[in-house]
Amino acid sequence: MADQMLLLAVGLSVSFLLIVLIGVLGYYLWRRKVQRQYQELVSTTVPPFPACTAPVLVSQGSWARTDEVPFTLPPRFESRHHGSLKDQEKEGDEGIELEGQRDILAHRWYPVGTVLAGLYCVPTLNEVVAPPPGMATRLCFAVEYRQSSEQLMVSLLRLGNLPPRFHGNGTLVELRLLPDDRRPRQAKARGTGPDPEFNDYFVFQVSGVCVSQSTLSVCVLSVEQGGKRHAVGRVLFPLEGELGQSGRVLWKDLETEDDTQCSELGDVQVSLNYSPALQRLTVVVLRARGLQLLTDTGVCVQVSLQIHTQVVKTKRSSVGKGEVDPFFNHRMTFKLRPQQLDEACVRLELQQPNTIRTKPPALLGVVVLGPFMYARGPQLQHWMDMVNTTQELVKRWHGLGRAT
């Protein structure tokens, strides 16, 4: 029995030793294999880069299969080894050039050449759009309408022959598309002098049905350093029949107050101002011209403030002399809330008192100033200028019409 136990112990010991040896041998072989792979990776050398080459197109066929996708090889630069610091200093420009190449390679940028400035020389605006002969102040612009997108493009180019008293001031232009556009679009000239340039571009969204019924209004203002504005003139450009040659450069003379022709019944000069803080509308009737007088009894002006169809307040000036071009310089104020600016209008009537007091005065002409609900053209523009310019009186001439 003891011999059997001894043989069993010896057998178990030999088996355990054999298993340990096999495990140690396997671990040694695995460790040696791993070290060999690591040595191969370390000893691998990076192949030298070729000299800077141009991009190579691998596949140029018009039709490419999935395994023939065209691609471009980026240029590579030859690597260079530098010795001591003295050797680098001797290289000079070559070292600087190499550093630039390294920066390009590090940011994945590749040289494509230099820009030839001569190819991008733009002729001056005077050579492209030379003003026509004459001394009148003119505006140069272009108009184009795109039917597909229903957009009216207006290119504002330059002014010509600006009066000498405005040469030192800044020039501001306000554009509107009457009768619907209520807020002006502004452009400031780049520089001063007799021929200031703008080179601005404006887009108006307007349907093809309404564009032929619209009028482009361009008002030119001269702005002093203190901010005070002076009206230089304006251009009213009806678009009906003018869009056949879209994109052509146009020169239009500015209409000043002195150049504006009298209407059939005459004109009246009015100044408007509105103060939001005081909620006060100020109307100043300055003078009239070209009136068709019926008698020599004199002329007066009646001003009415109307909200919707209701006349809120009516005021009348004193009777002036019976002249064709009378002066009034009469100031009237009305109470008006800011919320009512789009609902109110001012109606001016030039009247001649009747010799018989019981009979109503003779009506010489009427003009209505107000928002889009009541007015169009210059009358609407005058009202919108008053709303946008609250610091000063806005003065305009208006032609008289017949009462309706």
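Arginine 190 counts as exposed, at 53% relative accessibility. In this predicted model, arginine 190 forms a salt bridge with aspartate 200, and the closest N and O atoms are 3.3 Å apart. Arginine 190 lies in the loop between β6 (185-188) and β7, whereas aspartate 200 belongs to strand β7, so the pair ties together parts that are ten residues apart in sequence.

**Salt bridges**

- Side chains of opposite charge can pair when their charged atoms come close.
- A search of the whole structure finds eight salt bridges, including the pair of arginine 190 and aspartate 200.
- Glutamate 349 and arginine 347 form another salt bridge, with 2.7 Å between the closest N and O atoms.
- Glutamate 349 counts as buried at 13% relative accessibility, while arginine 347 is partly exposed, with a relative accessible area of 22%.
- Aspartate 385 and arginine 396 meet through their side chains in a salt bridge of 2.9 Å, N to O.
- Because aspartate 385 lies in helix α6 (residues 377-388) and arginine 396 in strand β18 (residues 394-399), this pair ties together parts that are eleven residues apart in sequence.
- Aspartate 385 is buried, with a relative accessible area of 5%, and arginine 396 is buried as well, with a relative accessible area of 16%.
- A network of salt bridges links Arg176, Asp385 and Arg396.

**Open sheet**

- Strands of a sheet pair through backbone hydrogen bonds, either parallel or antiparallel.
- An open sheet is formed by four strands in the order β7-β4-β3-β10, with antiparallel pairing.
- Strands β7 (197-205) and β10 (249-253) are the edge strands, each of which pairs on one side only.
- From one strand to the next, the twist averages 25°.
- Strand β3 (residues 138-146) pairs with strand β4 (residues 151-160) in the antiparallel sense over nine bridges.
- Valine 143 stands opposite valine 154 in β4.
- The edge strand β7 also holds aspartate 200, the salt-bridge partner of arginine 190.

**Lysine 313**

- Lysine 313 is placed in strand β14 (residues 310-316).
- Not counting residues up to four places away in sequence, lysine 313 touches Val303, Ser304, Leu305 and Phe334.
- The C-alpha atoms of lysine 313 and valine 346 are separated by 9.9 Å, and these residues are 33 residues apart along the chain.

Key: Residues are numbered from 1 along each chain as its sequence is written. This is a predicted model: local features need pLDDT of at least 70, side-chain atom pairs count only at pLDDT 80 or more; totals for chains, interfaces and linings use all residues. Side-chain values use heavy atoms; hydrogens and water are left out. Two strands pair if DSSP finds at least two bridges between them. Helices (H or I, at least four residues) and strands (E, at least two) are DSSP runs, numbered from the N terminus. Axes are lines fitted to C-alpha atoms, for helices over the stretch in contact, and angles run from 0 to 180 degrees between N-to-C directions. Contact means heavy atoms within 4.5 Å. A salt bridge is a side-chain nitrogen of Lys or Arg within 4 Å of a carboxyl oxygen of Asp or Glu. Buried means under 20% relative accessible area, exposed over 50%, partly exposed in between (1.4 Å probe, protein chains only).
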